[in-house]
Amino acid sequence: MSKVGVLLSGCGVYDGAEIHESVITLLALDRAGADVLMVAPDVELEVVDHLSGEQSGERRNVLKESARIARGEIKALRDLSADDIDALILPGGFGAAKNLSDFATRGAEAVAIPEVARILREMRAAGKPIGAICIAPSVLAAALGEDEPGLKLTIGNDEATAGVLEELGASHENCEVHRFVVDEERKIVSTPAYMLAERISEAAEGIERLVVEVLRLVVSE
C-alpha cells in the first residue's frame, strides 16, 4: 500500500487549503487504497473572513486550522521526512501562495517557507512523486525552480500567473481543467482545479486523474 502525504495550508480557500480540493484528494486516495498522512506547518498567519472576503484582523495557527479538514489526524510538517512517505500532494487554495510560500506577495521573487522547501527537496532527492493542485505549483516553482530549471508545471491558462512561474524557473504548459500535466523525468504532476473550474465536479475530474498518475509514478519507481 502506498503512503501519500497531503500537505495542507490551513482551512478555507482565501487563507488556507481549498476545502473541496483537499477533500477530493483525500477521497481519491482512499478509493485507490492509499494510506494517507496529513501534515501542515505549525505557524500563525492572518485570517480572512470568508463571508466578506476581507482580512479579519485575527491570526490563527495553520496546523490547527488544517486539523479541521484532517479530523484531527495530522502532524506538524517539521516531523515529516521523505523517508516516511512514497509521494506528496499539495492541494491549492490561497494558503499555498500565502502560508506555504510568499508567492502571493512576492511573485517572481517568491520563496517557499523553509519546512516546505526542505520536504520538497527531500522528495526530489529521493525521486519520489509530487502532485500539485490549483495554485500549489507556484510553491514547487518557488522551492525548486532555481535549482531545477524547466520544471514542467501547469496552473491552467492564466498568462500572467504562468509568466511568473516561468520567471521562477518553471516551464508552464496550458492545461484544461479536467486534465493534468506530468513532468515524467522529475515525477511531478499538476492540474488546474479551481484555477479554471466553475463547478466542483470539474475540479474533481482533474484531481482524481492527478491522484491516479501520482500513484502510477509510485509504482513505477
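Thr-191 is buried, with a relative accessible area of 0%. That value comes from a predicted model. Thr-191 sits in strand β11, which spans residues 188–191. Ala-132, Ile-133 and Cys-134 are among them.

Helix α1 covers residues 19–31, and helix α8 covers residues 200–219. Their axes come within 9 Å and cross at roughly 45°. That angle makes α1 oblique to α8. The crossing is right-handed. Sorted by class, the contact of α1 with α8 has eight nonpolar, two polar and two charged residues.

Take Val-211 from that contact. Val-211 lies in helix α8. It is buried, at 2% relative accessible area. Beyond neighbours within four places in sequence, Val-211 is in contact with Thr-25, Ala-28, Leu-29 and Ile-89. Val-211 and Ala-34 are 177 residues apart along the chain, yet their C-alpha atoms are separated by 10 Å.

Now to the nonpolar cores. The largest one has 39 residues. Leu-90, Leu-120 and Leu-140 have the most contacts inside it. Helix α6 gives the most, with six residues. A second, separate core has 29 residues, including Ala-28, Met-38, Ile-69 and Val-189.

Which residues does Leu-90 touch, leaving aside neighbours within four places in sequence? Leu-7, Leu-100 and Leu-120 are in contact with it.

Helices α5 and α6 pack at an angle of about 80°, with their axes 10 Å apart. That makes α5 roughly perpendicular to α6. Helix α5 brings Val-116, Ala-117, Leu-120, Arg-121 and Arg-124. Helix α6 brings Val-139, Leu-140, Ala-143 and Leu-144. By class, the contact of α5 with α6 has seven nonpolar, no polar and two charged residues.

The loops hold some backbone exceptions. Most residues other than glycine have a negative phi. Arg-71 is not a glycine, but its phi is positive, at about 55°. Arg-71 is in the loop between α2 (62–70) and β5 (75–76). It counts as exposed, at 78% relative accessibility. Lys-187 also has a positive phi, near 60°, and is a residue other than glycine. Lys-187 lies in the loop between β10 (181–183) and β11. Is Lys-187 buried or exposed? At 17% relative accessibility, Lys-187 counts as buried.

Two further loop residues round out the picture. Lys-128 lies in the loop between α5 and β7. It is buried, with a relative accessible area of 12%. Lys-128 and His-50 are 78 residues apart in sequence, and 35 Å apart in space, C-alpha to C-alpha. His-178 is in the loop between β9 (170–172) and β10. It is partly exposed, with a relative accessible area of 24%. Neighbours within four places in sequence aside, His-178 is in contact with Glu-205, Gly-206 and Arg-209. His-178 and Glu-115 are 63 residues apart in sequence and 31 Å apart in space, C-alpha to C-alpha.

Key:
Residues are numbered from 1 along each chain as its sequence is written. This is a predicted model: local features need pLDDT of at least 70, side-chain atom pairs count only at pLDDT 80 or more; totals for chains, interfaces and linings use all residues. Side-chain values use heavy atoms; hydrogens and water are left out. Axes are lines fitted to C-alpha atoms, for helices over the stretch in contact, and angles run from 0 to 180 degrees between N-to-C directions. Helices (H or I, at least four residues) and strands (E, at least two) are DSSP runs, numbered from the N terminus. Angles under 35 degrees count as roughly parallel, over 145 as roughly antiparallel, 65 to 115 as roughly perpendicular and the rest as oblique. A crossing is left-handed if the near helix is turned anticlockwise from the far one by less than a right angle, and right-handed if clockwise. Ala, Val, Leu, Ile, Met, Phe, Trp, Tyr, Cys and Pro count as nonpolar, Asp, Glu, Lys and Arg as charged, and the others, Gly among them, as polar. A nonpolar core is a set of buried Ala, Val, Leu, Ile, Met, Phe, Trp, Tyr and Cys residues joined through side-chain atoms within 4.5 Å. Buried means under 20% relative accessible area, exposed over 50%, partly exposed in between (1.4 Å probe, protein chains only). Contact means heavy atoms within 4.5 Å.
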